[in-house]
Each structure stands twice: as structure tokens, then as C-alpha cells.
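Hi,

Here is the model I promised to pass along. Have a look at it first, and my notes follow below.

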Amino acid sequence: MGGKIRMITKKLDAGLHILATPIGTANDITLRALQILRDADALAAEDTRVLRKLMDIHGIDLDGRRIMPYHDHNGDAQRPRIMELLAAGKTVAYASDAGTPLIADPGFSLTKEAIAQGYRIHAAPGASAVLTALCLAGQPTDNFFFGGFLGSKSSQRVKNLEKVAALGATLVYYESPKRTIAALTDMAMVLGSDRKVSVCRELTKRFEEVIRGTITEAIGDIETRNSFKGEV
């Protein structure tokens with residue numbers, strides 16, 4: 001039996017609301033996240049344009065509010081302003097570019113400062129590239145290690161991989177498409193060229209793809225292409 005989905009609303013509790021947003025498809029957002037975006041006293045975002053576009057898609061008005069930019073480069077200047085809002089008993093919602101904030105995204109220093117000053121943190125769960133990749137990869141999910149970004153230099157990547165080489169778990173990393181082959185090459189050297197790998201690209205987007213096989217096979221697949229783009 002069909003019917004309308006009714007959004008249950010209640011007054012937001014004061015504090016900092018960490019808000020998960022879609023990693024690609026705009027509809028991958030929770031009803032709770034939409035309520036927070038609608039009702040929060042103040043909004044902060046890693047990229048204000050991205051959050052504004054998401055709100056427009058879902059018909060949420062700013063109602064006179066301004067979206068404050070908060071990212072790694074302006075955090076020192078913005079944190080005191082956000083703390084002032086929290087001190088006044090306001091609700092502040094923070095969203096990163098995509099996915100769950102603080103998961104290899106800006107926001108940790110913000111939540112750390114809010115906790116230190118005694119303000120409550122609320123997490124509104126939702127889309128996460130890590131968990132989406134694990135669902136599609138075909139790799140064991142009962143035990144996994146997320147290492148964020150391996151590093152822009154080969155020496156950094158090798159050092160980070162050596163630390164976890166003996167770990168009995170699926171290893172998950174974010175990577176730039178421009179560095180994917182270089183990262184896989186370092187993985188082959190440290191972990192073995194026959195290690196099973198899943199290269200997940202453009203998750204939940206139009207050109208979503210998962211390359212599965214050994215590290216050597218994945219490198220060979222990518223090398224035959226004219227271009228290799230998107231979030232990896």
C-alpha cells in the first residue's frame with residue numbers, strides 16, 4: 001500500500017550538528033538532514049556553493065541565513081565565530097563537500113573545539129564513500145581499516161602501507177584519479193602484485209564503476225584507457 005512519506009519534525013537541540021550529505025546522487029539524503037538544513041539557526045559548509053545547490057534541489061530556503069564557509073584554510077578564523085553562536089544557544093549545522101564530515105574531510109578541529117568548550121555534538125548519519133565502496137567492492141567487510149589518503153609522494157605511500165601490510169583486514173583508501181596508477185604500483189611493491197583490489201570510481205554517480213582483480217590486472221586495465229577521471 002503506497003502513501004506519502006511524512007517528515008516528523010521537532011525543535012532542533014542546541015549544539016553543533018554534523019550533517020552527512022550525498023556523495024553524488026542528490027536524493028541520497030535523509031529526511032533528518034533535510035529538517036536540520038531547514039531549521040538550523042546557522043549553516044556552515046566546506047563549500048558554500050555545493051550546499052546551496054543541494055538546498056535548492058530539495059526546495060529548502062535560506063530564510064535570511066548566510067552559509068558560512070568552513071574549511072582547512074580558514075578554520076582558525078571561523079571557529080571563534082561558530083563558538084559564539086553555540087554560546088548563544090544556537091543550532092549550527094556543518095556539512096562537508098560530500099559524504100560524512102570528519103571522514104578524511106575538514107571539521108575535526110571544529111568539533112574538538114566545541115567539545116572542549118562543553119557544547120553538544122549531534123551526528124546526522126547518511127552517505128559515506130567508505131561504506132558505499134565496501135558494499136560494492138566484493139572484499140571482506142567484517143574487518144576493515146580506513147587509511148584516508150595515502151599521500152601525494154611515493155615515499156609517503158610506501159611508509160603508510162608498510163605500517164599496515166600485516167594487518168588482517170580490507171584496506172580502504174581515497175585517491176586522486178591522477179595518482180591511482182602510482183598508488184597501485186606502490187601497493188604492488190609493498191602488499192604484493194597478486195593482492196586482490198577493487199578500484200571504485202564515481203560512486204552513486206552516472207559513470208559509477210568498480211574494477212576488480214589483482215593489483216597488476218587493475219593497473220593494466222587503467223593503463224589501456226585514454227582517460228581515468230572521478231573520485232576514487
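Helices (H or I, at least four residues) and strands (E, at least two) are DSSP runs, numbered from the N terminus. This is a predicted model, with local features needing pLDDT of at least 70 and side-chain atom pairs counting only at pLDDT 80 or more, while totals for chains, interfaces and linings use all residues. Residues are numbered from 1 along each chain as its sequence is written, and side-chain values use heavy atoms, leaving out hydrogens and water.

Let me start with Gln78, which sits in helix H3. Gln78 has a relative accessibility of 5%, so it counts as buried (buried is under 20% relative accessible area, exposed over 50%, partly exposed in between, with a 1.4 Å probe and protein chains only). Its side chain makes a polar contact of 2.7 Å with that of Arg81 (a pair of N or O atoms within 3.5 Å; within protein, one must be able to donate a hydrogen and the other to accept it, and residues adjacent in sequence count only if both atoms are side-chain atoms). Setting aside neighbours within four places in sequence, Gln78 is in contact (heavy atoms within 4.5 Å) with Met68, Pro69 and Tyr70.

Next, the aromatic rings. There are 3 aromatic pairs in the structure (rings of Phe, Tyr and Trp, the last by its six-membered ring, with centres within 6.5 Å; planes under 30 degrees apart are stacked, over 60 edge-to-face and the rest tilted). The ring centres of Tyr70 and Tyr94 are 5.6 Å apart and the planes stand at 85 degrees, so this pair is edge-to-face. Tyr70 belongs to the loop between strand E3 (67–69) and helix H3 (75–87), and Tyr94 to strand E4, so the pair ties together parts 24 residues apart in sequence. Tyr70 and Tyr94 are both buried. Phe146 and Tyr174 also form an edge-to-face pair, because their centres are 5.0 Å apart and their planes at 65 degrees. Ring pairs join Phe146, Phe149 and Tyr174 into a cluster.

Finally, the nonpolar core (buried Ala, Val, Leu, Ile, Met, Phe, Trp, Tyr and Cys residues joined through side-chain atoms within 4.5 Å). The largest has 19 residues, of which Leu19, Leu37, Leu43, Leu51, Met55 and Ile67 touch the most other members. Helix H1 (31–39), strand E2 (42–45), helix H2 (48–57) and strand E4 (91–95) each give two or more residues to this core, and H1 gives the most, with 4. Apart from this core lies another, of 18 residues, including Val164 and Val232.

Best wishes
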